[in-house]
Amino acid sequence: MRFSTLLKNPAEWMRTSGPRNDIVITSRVRLARNLRNHPFPGWAESAARTKVMNIIRPVLEDLDEMKNAFSEEMVDLTAIEKQVLVERHLVSREHAAKGPGCATVMNRSQTISIMVNEEDHLRMQSIRPGLQLLSAFKSLNTIDTDLDKHLDYAFDTRYGYLTACPTNLGTGMRASAMLHLPGLVLSEQINGTIQGANRIGLAVRGLYGEGTEALANLFQISNQTTLGTSEEDVIKHLGKVIDRVIENEQNARLKMIEDKPAMMQDQIGRAFATLKFAHIIPSKEALNCLSMIRLGCDLGFFPEEDREMINILLTEIQPAHLQISAKRKLTPEERDNLRADIVRSKLKALTPPDFGSILKKSENKNDEEV
Amino acid sequence: MKCDADCDWGEEASIFFSYIEDNKVIKVNLCKYCANEKGVNDPTGYSLIDLMQGMGKETTSGKESKARELTCAYCGFTQSDFKKTGRFGCAKCYEVFSEGLEGLLEAMHKNTEHIGKVPSFAYIAPAVSKAETPVLPDSFVEAPDDAIPVKTEELVDIPTGSISLMTLKEKLGAAISAEDYEEAARLRDEIARLESSDFGNS
């Protein structure tokens, strides 16, 4: 598969929906693996890295899952192409900056992507729409079991899979979900949620930025430890916590509609107006407005089908995607301009929010109080 | 002040730092989002901070002390390299630098022993003596999808997914080769108990 083909098709998780898609955007699982008798990528000389890549890459390309796969050495991609992969969460920022001997192999639907010589020899990732941690793990596990027959993995009976960084030792697995939590942010409960998750060994990060500063109200929740708990138990535990967060988020949304309907309508209405009429819009503002429109879809103020468009826009307004669509390098000012143009044209058909019946009840109540 | 990262966030630079490269002082101004993306705030990431701290360490430790330092014979990685990067050089480093590792792992993880998936070859590891360890024939690779391939007769009775039993057997092998017979006896009894109970089949 060529880069242009990959580019034309949005990743499967952007196009299709999954369980609890209103709050959970994606589920991801990654596994870290290394070969026994080769230095880890961060310590290896370029020749040693290339040697490892030449062992691993053909094995990956032979996988059933990787028929007609995208497979490139990182040095053969342009800076903007690499950035596109980062913006689609297919490779890490660190991997995009790598030199010779580092490659990326991914399947056509962009659900499985494998980085060769990132921090570890192999970093495999499975990504699914909605809350599907277990099935993301299972599909990756099958691939790992296949690879294990052909590659001599570094494994220790006591420490498990050996990784460059001891924080990944053991299962080498990191499971995470990307959550959209505007209710918890607007009701100022998000810091409590983050601290609560930290106390039970989970990490919560803003997708961009930290804490309440997180943009687009997107948060990633993941396991922090990898040694001493089996893969299934980690996923079960994480799943339970996510269920709780979903419940809290829903309650926060309902409470806000009831207590502060005017504030909700104002936030969503302003976001609508901005995105519909702005001609210059920086990332931060665009992301936050899109988050409000997404919330509006969840609450029935916009047709539910529009949520998919928001998912696609969240990716397409990122700098590298903008430059690919313009077919040239753009200055930040030009990007802000093009971003606004793209958003306006994509949201052309979006009708003003219909606050109607959902808010009527609480409005009446407020009127009486006045 | 504008952010040096050529970004789209529309934020003023609020994180400023300088470092020395080729005897030149380089100043960088970043907005909070770029600082975060580039891992400047993240002590565990591949970061500029790592790079800078690494440079600082190099000059203070010097080359003379490096000669006497614990070094991995396989990849040449040293203890101070670990302090610098927080990462090891190769799989063998885990043996070479095992001293002190336990404490580090305790602080990082729930436990210091692996529970979970085991690669296919590890099922035939220490519990069976090396001489008996068969090399997997090619046909084995083609075998119909046995979720966890089990080859040797001795291990056939081990139920799929029974990692705890597996771990015990591996430990038993290790205890025997380390001539720790007291521990081996304890493990043997533990294995017998597990195998006779429902536990072993879970």
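**Crossed helices, a buried strand and the A–B contact**

Helix 13 and helix 14 of chain A sit roughly perpendicular to each other (a label for angles of 65 to 115 degrees), since they pack at an angle of about 80°, with their axes 10 Å apart. Here axes are lines fitted to C-alpha atoms over the stretch in contact, and angles run from 0 to 180 degrees between N-to-C directions. The model is predicted, so local features need pLDDT of at least 70 and side-chain atom pairs 80 or more, while totals for chains, interfaces and linings use all residues. Residues are numbered from 1 along each chain as its sequence is written, with chains lettered from A and ligands numbered from 1 in the order written.

Where the helices meet, Pro319(A), Leu322(A) and Ala326(A) of helix 13 touch Arg335(A), Leu338(A) and Arg339(A) of helix 14; contact means C-beta atoms, placed from the backbone, within 7 Å. That makes four nonpolar residues, no polar ones and two charged.

Strand 1 of chain A (residues 24-33) is largely enclosed by the rest of the structure, because ten of its ten residues are buried, that is, with 20 or more other C-beta atoms within 10 Å of their own. Strand 1 of chain A runs antiparallel to strand 8 of chain A (residues 173-180), joined by seven bridges, with Leu31(A) partnering Met173(A). Strand 1 of chain A also pairs with strand 5 of chain A (residues 122-129) in the antiparallel sense, over eight bridges; pairing takes at least two DSSP bridges.

As for the two chains, 46 residues from chain A and 42 residues from chain B make up the contact.

Key
Helix = DSSP H or I, 4+ residues; strand = E, 2+ residues; numbered from the N terminus. Parallel < 35°, antiparallel > 145°, perpendicular 65-115°, else oblique. Nonpolar A, V, L, I, M, F, W, Y, C, P; charged D, E, K, R; others polar. Buried ≥ 20, exposed ≤ 12 C-beta atoms within 10 Å, placed from the backbone.
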